[in-house]
Amino acid sequence: MGRPLKFNIFRYNPMDPGSVPHMEVFHLEETDAMTLFVALNRLREEQDPTLMFDFVCRAGICGSCAMMINGKPDLACHTKTRDLPQEITLMPMPVFKLIGDLSVDTGSWFRGMNEKVQSWIHTQKVFDPKAQEEPMTNERAEEIYELERCIECGCCVAACGKANMRPEFMGATAFNRVARFMLDPRDERSDAEYYEVVGTDDGIFGCLGLLGCEDVCPKKIPLQDQLGILRRKMGFSSIQHLFGKVFARK
Amino acid sequence: MDTFYTDLLCVGAGLAGERAAIAAASQGYETICLSLVPPRRSHSSAAQGGMQASLGNCIMGAGDNPDVHFTDTVKGSDWGCDQEVARLFAETAPIAVREAAFWGVPWNRVVAGKGTYFKGGKQYEKVELKEKEHLITARDFGGTAKWRTCYTSDGTGHTLLFAMDNEVVKLGVTVHDRVEAIAIIHDGETCMGVVARCLKTGKLRVYLAKATIIATGGYGRIYQETTNAVINDGSGAAIALNTGVVPIGNPEAVQFHPTGIVPTNILVTEGCRGDGGTLKDVNGERFMDKYEPAKQELASRDVVSRWMMHHIRLGKGVPSPYGPHLWLDIRHLGEKHIKTKLRDVEEICNEFLGVDPITQMIPVRPAQHYSMGGVRTNKDGAAYGLKGLFAAGEAACWDMHGFNRLGGNSLAETIVAGKIVGEKIAEFLQGYEVNFRTDVVQDCVKKEQERIDNIIKGKDGKENAYALRNEMQAIMFEKVGIFRNGSDLKAAVEGLQKVYDRANHVGLRSGGVGANPELAFALKLKGMVRLALCVAYGAYKREESRGAHAREDFPERNDRDWLKRTLATWKEGDDLPTLNYEIPSKVWELPPGDRGYGSAPIIPSEDPAVIGGKKPENK
């Protein structure tokens, strides 16, 4: 016999005029190797078919299922109930717009983020289908991949004190993305151009250094290092920028 | 009702859909992508090990070229593929991989000098050439003559999808995520777009498009044990089938991947075996070297999966509460290799199994993995049956995979087909006009709205959609699996027909208000059962063994009678698909012969157009 688990789950369906935000209690007997993916699907299929939540790959790869699990953002699919106490409280992630219950709209938020940081290779070159690829060292490819592993789950945003206070704040995921392109020799943007993207109070200078982002990243991306590097680089660009203006006035 | 007009409508925004969108949008055509989920969460992201392209940069790939890739692909397909398409694919794959590099994919690169690699548990030495240093490297995969699979660690699908979606953002292509197409708008001749349901609000929408492409991936979720994501329910193929005029090609061609983890069926990449991992049994002994002396663990997936099940049937499986399994052993590859080249595998094993693959073996068993079948198209990606409808990627039967897809050829297909078909769509759109007939649009919307109302109110009955799904999945798993036979398949068809009948009487237990997940599922259940029936009935009728379709009662590959592609259509009111057949290839650059692995008896073709005047050797 497994443990009797008690789930406190946030419920609200904004499309239902009769619905008000509240917590609802569910009970489920724990089974061997149970994850929150298994538990939530059983609750929906056996107890309440209106329960809203998101899963896609159920393998920690796609980033769909982030939620607040006993107060901490994490991927539900890789969270095993045996690592949790008998009482489990599930809430939707803050910052993102609620779709219903545990489901939030990360899609619109991340599309906006990708547009803001112009998350693509900026180059004057045109692809030549007949040409050999441009060489790159394997070490550099691996360094880029290290940062490219972000799955846009939103955990770092949900855990960020600044993002919770200030909706315009770009968040660690955006800074990590910028750092990824700065590493990439194929991107021709200068530091001054990156400065235009992140050199603001909603950007890197707005970071309070609380580092909740690093603590919760399910892919263990070294966010703290990226924030530090970016802040130094952008600080330097900022000074150049300032002097540039002073010189320009003369 | 919200109505959107566009030149190209991409139903599905994984790699194939987005690549096609880029092709059309970069030529100035207005393009909208619909996606069940934010595009970067598409199942393309879960592809791990890599994509095949014959760059020939690494020393173990030296001398590779599109000819060799073509030959491997045709052999892999067990001569079930369209050879014109396989040729087009092999020629384009190197361009596609370099284009992906241009868009930012951090492909692993050649490191010059001495290095080691593993094969069959033994270590060997290799020396990478100085002149190839820093070019895109490749790893070994099953069923290939050369090391050809380009990769970024084991997150290749993820990096490709991020690079592709970056281009989509850059071009400003509109993406409507959490929108599900539930019916194709057509008049029996021309496709005009789709009726869709917003999965944020539950509201219906109309999308009117000159061209529509189905790129919704496979239908693995008709099976109980699958590596596929929960969204891979074949909804795109189903709405095409529901038109009554668009056929599903080779639905019975279903791939089982050798290494799904036990339990949960999460995939661990073929790269594990490509990099030298071995399969072991309850006694800790290898067995693939005995069954397949030449290719060993790296025979094609259909062959390895069959030997694994055979070995388990001999009682050599490892007993577990989840049934017997085998072991995948990558311990000898070492910590450094696993932590750099197989990172996701390490993470999946630790997080989902509590197994450390550096010191422990991984419990694995074959699980459903890939649908070779799909919306049948011509080599331009145009669907049979409706003008203006296209398909690409796993959702399509283009058909380069025939009866077995090689590992690394699915990622490659997504971006190669996306590019080729997208460019063909742009050509099609040039000067093309379509009449959006308001009567047809209104009829389609009315029918869908009525269907929704009836399910919500339970007008036709109160059948539980999830319970019916479980019955369907169990039938598919037990009777339409790796080894098939006539009596099981007949029972499967009959069982599915009963499920299908009950699927007409689904009613909700919830109110169906807003983004209600039960309604979303209930709406697609009938289409899923139709697809399951296409698979089971197609398999029942195909009285031979070819690639992944292994009939115990017909063990021969029968080129004389069965060198043909199944085309399944669905007439409204029927409870079975209508099956027709066509010759799989117009050209026979490589006449049917022995694959070189998974040796099976062959009944040779007698058609001079196929065998080129020569009779293949009968083994």
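Seven salt bridges are found by the rule across the interface of chain A and chain B, that is, 7 salt bridges (a side-chain nitrogen of Lys or Arg within 4 Å of a carboxyl oxygen of Asp or Glu). One of these pairs the side chains of Lys219(A) and Glu347(B), with an N to O distance of 2.8 Å. The model is predicted, so that local features need pLDDT of at least 70 and side-chain atom pairs count only at pLDDT 80 or more, whereas totals for chains, interfaces and linings use all residues. Residues are numbered from 1 along each chain as its sequence is written, chains are lettered from A in the order in which they are written, and side-chain values use heavy atoms, with hydrogens and water left out.The interface of chain A and chain B also holds 37 residue pairs in polar contact, both residues being at pLDDT 80 or more. A polar contact is a pair of N or O atoms within 3.5 Å; within protein, one must be able to donate a hydrogen and the other to accept it, and residues adjacent in sequence count only if both atoms are side-chain atoms. On the side of chain A that touches chain B, at least two residues each come from α1 (36-47), β7 (103-105), α2 (106-116), α3 (138-148) and α6 (172-183); helices (H or I, at least four residues) and strands (E, at least two) are DSSP runs, numbered from the N terminus. This side of chain A comprises 32 nonpolar, 16 polar and 24 charged residues, where Ala, Val, Leu, Ile, Met, Phe, Trp, Tyr, Cys and Pro count as nonpolar, Asp, Glu, Lys and Arg as charged, and the others, Gly among them, as polar.

In terms of contact (heavy atoms within 4.5 Å), 72 residues of chain A meet 76 residues of chain B. The area buried between the two chains, A and B, is about 5,900 Å², with carbon and sulfur atoms giving 54%; buried area is the accessible area (1.4 Å probe) that two parts lose on being put together, summed over both. Of the area that chain A buries against chain B, 13% is supplied by Arg58(A), Glu133(A) and Tyr145(A), more than by any other three residues.

Within chain A, the domain assignment gives domain 1 (4-104) and domain 2 (117-249), the bounds coming from an automatic or database assignment. The C-alpha centres of these domains of chain A lie 32 Å apart. Contact involves 15 residues of domain 1 of chain A and 13 residues of domain 2 of chain A. The area buried between domain 1 and domain 2 of chain A is about 990 Å², of which 71% comes from carbon and sulfur atoms. Between these domains of chain A the count is 0 salt bridges, and 1 residue pair is in polar contact, both residues at pLDDT 80 or more. On the side of domain 1 of chain A that touches domain 2, β3 (66-69) and β4 (72-75) each supply at least two residues, and β4(A) gives the most, with 4 residues. By class, this side of domain 1 of chain A has 10 nonpolar, 3 polar and 2 charged residues.
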